[in-house]
Amino acid sequence: MKLLEPDQWVAVWLTLRVGAIAVCGALPVALLLAWLLARPRLPGRPLLDAAVHLPMVLPPVVTGWLLLLLFGVQGPLGALLWRLFHARLVFTTAGAALATAVMTLPLMVRTIRLSLEAIDPGLLQAAAGLGAGGLDRFVTVTLPLAAPGVLAAAAIGYAASLGEFGAVITFAANIPGRTQTLPLAIYSALQEPGGEAVAARLAGVSLLLALGGLMVSELLLRRLRW
Amino acid sequence: MTLDLALRHRFPTGRTLDLAVSAPLPGIVGLFGPSGAGKSTLVAALCGLFRPDWSEIRVDGRVLSGPGIWLPPERRRIGMVFQDSRLFPHLSVAANLRYGARRARGVPAGGLPGFDEVVALLGLQALLTRRTRALSGGERQRVAIGRALLSRPLLLAMDEPLSGLDAARRAEILPYLARLRDRLRLPILYVTHALDEAMRLCDTLALIEDGRCTGCGPIAAILAGAGMAGRADAQALLDGRVTAHDPQRGLSRVEAGGFALLVPLCAQAVGSAMRLGVPAREVILLAGESPPPVTSAQNVLPARVREIRPLDGAGLASVVLEPDGEGAGPVILARITADSVQRLGLRPGVGVLALVKSVSIMVPGRGGA
């Protein structure tokens, strides 16, 4: 008995790809935001904090719709992308990755920020006293000490990205082979009469992936603590 | 060469600092005072970690801060050693040591020791490949000192480097610090609230109290001054030289200014410098010129009263004694009751005999001093 049909494997593969793109794209942004939010004297910090956490508390459909407004062909950013690169995000794999990235960003920022805030500021003072400038300190002290948190954030973000539904379906639609990730494929299977068996198998794969991601992130957090 | 530190600052809590310290370099400049007096703030300002409302900081004429000038810490070349050592946990001991050295490559060595020399000086050979987590408190501080030295600083700033350690660990590190002072001509600013550390190491002492500097000068003069007289552990500091050993009697002779003192036999070679502490409350005074009765005190010093300072409210007085027949020079202190001052008829110019037990004299490596 075959576990999945070829077109279902396509959905699994697409999910993994979308997650990878989303995490790779979101990680530097999350690092920057976490670094900004970890500075206690940053002006406008509460506002930025709220904005970063918005996708976590908004209904995902609303997030997807806001992305549609921004990045749609008529939207300000979407029009700009079209004019500059002739690129379009709506209804594309890249679009699915963008929606996924936005949804997982708060989780990643939180994880990274915790590890940044755990760094003794005295170590950065010591580095400065030894002649290290700001960027030097960030690269040689802050980053290595936050590395376990950053890696864990990537793993948690990846695990979470595999389950994104609302924002993806709203912004990138449900196009098999292009934007139909696992959750969307499960949803589609459930819409068809007699699709429960397929849905169950897809759900099983989804469960395994999510568990794997969580375990990796937990291992990273435990093993890599300095 | 001088170190000039001056700052004024008002904290949001209303507390104010108004400090000015000036000291000759090279040498060890001690900042001495109770916790919370402003010592650490002064060091942080020197290092560029804290920016006061107003400050003028110069090391050997180099302006670190002044009107319109505020160098960031990474450009000050002040080697910092903190109480909590602040070693990088993600680096090995060797990598910690090299962190500052790698960033000071363009800086002239200026007589400062290289990597191997620092490792030897601080006894770090066995630690090089270790992770910093596995080090004891004393080892951590030695690594921190080495790391700061290798960054080729103009001055080493040590903020209570020993106060996180127990007595045994402190006794382990103090000789290393004394070695640094004797081998290198590197100026050191040393913050402490422990009198014995200051006495062991410092050349200049600044007394910091409640955000003010209440006295600054050569350590012997500051310790003998009015600012310290009220302390129960007040003592006179004598910088002398070992002039003879008498192994049979188990004594060594140390001469400092006009005083010649017998101390318990020490290991230092004849001719080497030795710093002694004479606790004021251990000194007994005899009036008159007559020879003293037979006494267990090894030192019976002819002296003259230079000054008598009543200690307010305690019924006590601090008597400043100079060697008989010598003018301005080192002095010893006697902490006695005001009643004794009356009974002995003490006043400036009167001759006395000062009895000092050898075992009460603080000698390096013994009794904590």
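The legends below describe close-up views of a predicted model. Local features are given only at pLDDT of at least 70 and side-chain atom pairs only at pLDDT 80 or more, while totals for chains, interfaces and linings use all residues. Residues are numbered from 1 along each chain as its sequence is written, chains are lettered from A in the order in which they are written, and side-chain values use heavy atoms, without hydrogens and water.

**View 1. The interface between chain A and chain B.** Each chain is in contact with the other (heavy atoms within 4.5 Å) through 20 residues from chain A and 20 residues from chain B. The buried area, that is, the accessible area (1.4 Å probe) lost when the two parts are put together and summed over both, is about 1,600 Å², with 63% given by carbon and sulfur atoms. There are 2 salt bridges between the chains, a salt bridge being a side-chain nitrogen of Lys or Arg within 4 Å of a carboxyl oxygen of Asp or Glu. In one of them, the side chains of A:Asp136 and B:Arg103 meet at 2.6 Å, N to O. On the side of chain A that touches chain B, the elements giving two or more residues are α6 (121–129) and α7 (134–161) of chain A; helices here are DSSP runs of H or I with at least four residues, and strands are runs of E with at least two, numbered from the N terminus.

View 2. A:His53 lies in helix α2 (residues 45–57) of chain A and is buried, at a relative accessible area of 16% (buried is under 20%, exposed over 50%, partly exposed in between; 1.4 Å probe, protein chains only). Its side chain reaches the backbone oxygen of A:Asp49 at 2.9 Å. The side chain of A:His53 also makes a polar contact with the side chain of A:Arg110 at 3.0 Å (N or O atoms within 3.5 Å, one able to donate a hydrogen and the other to accept it; residues adjacent in sequence count only if both atoms are side-chain atoms).

**View 3. A cis peptide bond in chain B.** The bond from B:Leu25 to B:Pro26 is cis, with omega near -10 degrees. B:Pro26 is found in the loop between β2 (16–24) and β3 (28–32) of chain B.

**View 4. Two residues of chain B with positive phi.** B:Asp60, not a glycine, has a phi of about 50 degrees and lies in the loop between β4 (54–59) and β5 (62–66) of chain B. B:Asp60 is partly exposed, at 43% relative accessibility. B:Glu160, also not a glycine, has a phi of about 45 degrees, and its loop runs between β8 (155–159) and α5 (167–183) of chain B. B:Glu160 is buried, with a relative accessible area of 9%.
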